Amino acid sequence: MEFVSTLCLFTFISFTLLLIHSIFKFLAFTSKKLPLPPGTLGLPYIGETFQLYSQNPNVFFASKVKKYGSIFKTYILGCPCVMMSSPEAAKQVLVTRANLFKPTFPASKERMLGKQAIFFHQGDYHSKLRKLVLQAFKPDSIRNIIPDIESIAITSLESFEGRLINTYQEMKTYTFNVALISIFGKDEFLYREELKKCYYILEKGYNSMPINLPGTLFNKAMKARKELAKIVAKIISTRREMKIDHSDLLGSFMGDKEGLTDEQIADNVIGVIFAARDTTASVLTWILKYLGENPSVLQAVTEEQENIMRTKEVNGEEKF
Ligand code: HEM
């Protein structure tokens with residue numbers, strides 16, 4: 001009983017300190033005389049978190065952009081934020097003035113993707129992971145999976161026949177299948193459906209209100225995340241028993257000389273699916289839109305590809 005009341009007291013004090021810290025952070029942000037962009041911060045600590053999560057996030061962004069323009073301030077998940085939606089601003093953050101920025105994520109996102117994922121680190125561990133990821137996507141490493149990627153593309157195209165499609169959704173399915181083959185190689189066939197099921201639940205909860213109570217989307221996503229880590233661990237253990245080297249991303253992570261733990265590997269596998277999927281699907285969607293709207297460009301691109309294939313045939317080179 002005494003233990004329970006000490007625990008309650010401890011929880012109460014921790015929560016109060018956290019709240020006080022957040023209110024101070026909030027007040028410090030609001031009282032700074034910096035030239036902050038327009039926008040509202042909502043309530044202390046809570047900020048505009050409920051407005052963002054109680055509706056489709058796109059509606060929140062669209063209404064803010066309409067009201068304040070492409071750069072606005074807000075307060076989400078306990079973090080003061082400046083949100084931006086213009087290519088010029090993105091270039092400043094990612095390229096021209098990248099030295100002024102450091103990537104950080106709200107704690108709930110970090111927990112969901114996995115604390116050991118590349119995005120949340122700097123220094124030696126970060127450089128090591130970067131090298132391992134790049135290693136797995138070099139032409140020599142991906143050459144043997146190109147026929148599988150081609151087959152995924154052909155199957156997708158055939159499945160579009162005679163039906164109206166949502167291009168972005170179809171591109172997401174395509175990029176997910178390509179991500180799985182790039183990460184797990186042929187091993188993915190066995191686990192594809194399980195991986196897909198868990199990842200889709202994770203994706204659905206990723207942008208939900210981070211309340212980890214039974215039944216919430218967040219809670220389901222956290223459970224699915226654990227399941228994903230278990231599947232990755234299963235594949236790792238089978239590979240260790242078979243003692244065969246693989247040139248895919250999992251093989252690259254497993255081949256690290258100092259040895260990554262299973263947890264580090266799982267966090268980074270999930271992280272790469274996350275980094276690669278929506279980004280590539282979005283670019284592919286824009287490419288399809290512009291090719292569809294510009295038949296002369298489509299024809300030029302088609303001719304370019306056909307020429308490459310003809311030249312390879314004439315020179316007796318491999319198709320890929
Ligand atoms: C057109 C598609 C893509 C876009 C627009 C894109 C965009 C980005 C951006 C903006 C960052 C953050 C960079 C920074 O913080 O400086 C990033 C990081 C990252 N992306 Fe991509 N990405 C794309 C495709 C991919 C793919 C296919 C992979 C699969 C390997 C990938 C893996 C990563 C990784 C591992 C990081 C973290 C890098 C680090 O922390 O050093 N991305 N990406």
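Me: Where is the place of Arg-277?

Reply: Arg-277 has its place in helix 13, where helices (H or I, at least four residues) and strands (E, at least two) are DSSP runs numbered from the N terminus. This is a predicted model, in which local features need pLDDT of at least 70 and side-chain atom pairs count only at pLDDT 80 or more, while totals for chains, interfaces and linings use all residues. Residues are numbered from 1 along each chain as its sequence is written, and side-chain values use heavy atoms, with hydrogens and water left out.

Me: Why does Arg-277 count as buried?

Reply: Buried means under 20% relative accessible area, exposed over 50%, and partly exposed in between (1.4 Å probe, protein chains only); Arg-277 has 3% relative accessibility, and therefore counts as buried. Contact means heavy atoms within 4.5 Å, and, not counting residues up to four places away in sequence, Arg-277 touches Lys-172, Thr-173, Thr-175, Phe-176, Tyr-199, Tyr-200 and Glu-203.

Me: Why is Val-82 called partly exposed?

Reply: Val-82, which lies in strand 2 (residues 79-84), has a relative accessible area of 38%, and so it is called partly exposed. Its contacts, not counting residues up to four places away in sequence, are Pro-37, Ile-71, Phe-72 and Lys-73; the C-alpha atoms of Val-82 and Phe-72, ten residues apart along the chain, are separated by 5.6 Å.

Me: What puts the buried residues of helix 8 on the same side?

Reply: The buried residues in helix 8 are Asp-148, Ile-149, Ile-152, Ser-156 and Phe-160. They cover an arc of only 120° around the axis, so they lie on the same side of helix 8, the arc being that of the directions from the helix axis to the C-beta atoms. The face turned away from this buried side carries the exposed residues Leu-157 and Glu-158, and what covers the buried residues includes helix 9 (167-184).

Me: Which classes of residue make up the lining of the second largest pocket?

Reply: The lining has 22 nonpolar, six polar and four charged residues, where Ala, Val, Leu, Ile, Met, Phe, Trp, Tyr, Cys and Pro count as nonpolar, Asp, Glu, Lys and Arg as charged, and the others, Gly among them, as polar. A pocket is an open set of points on a 1 Å grid over the protein atoms alone, where a 1.4 Å probe fits, with protein on both sides within 12 Å along at least five of seven lines, and lining residues have an atom within 4 Å of a point. Helix 13 gives the largest share of this lining, eight residues.
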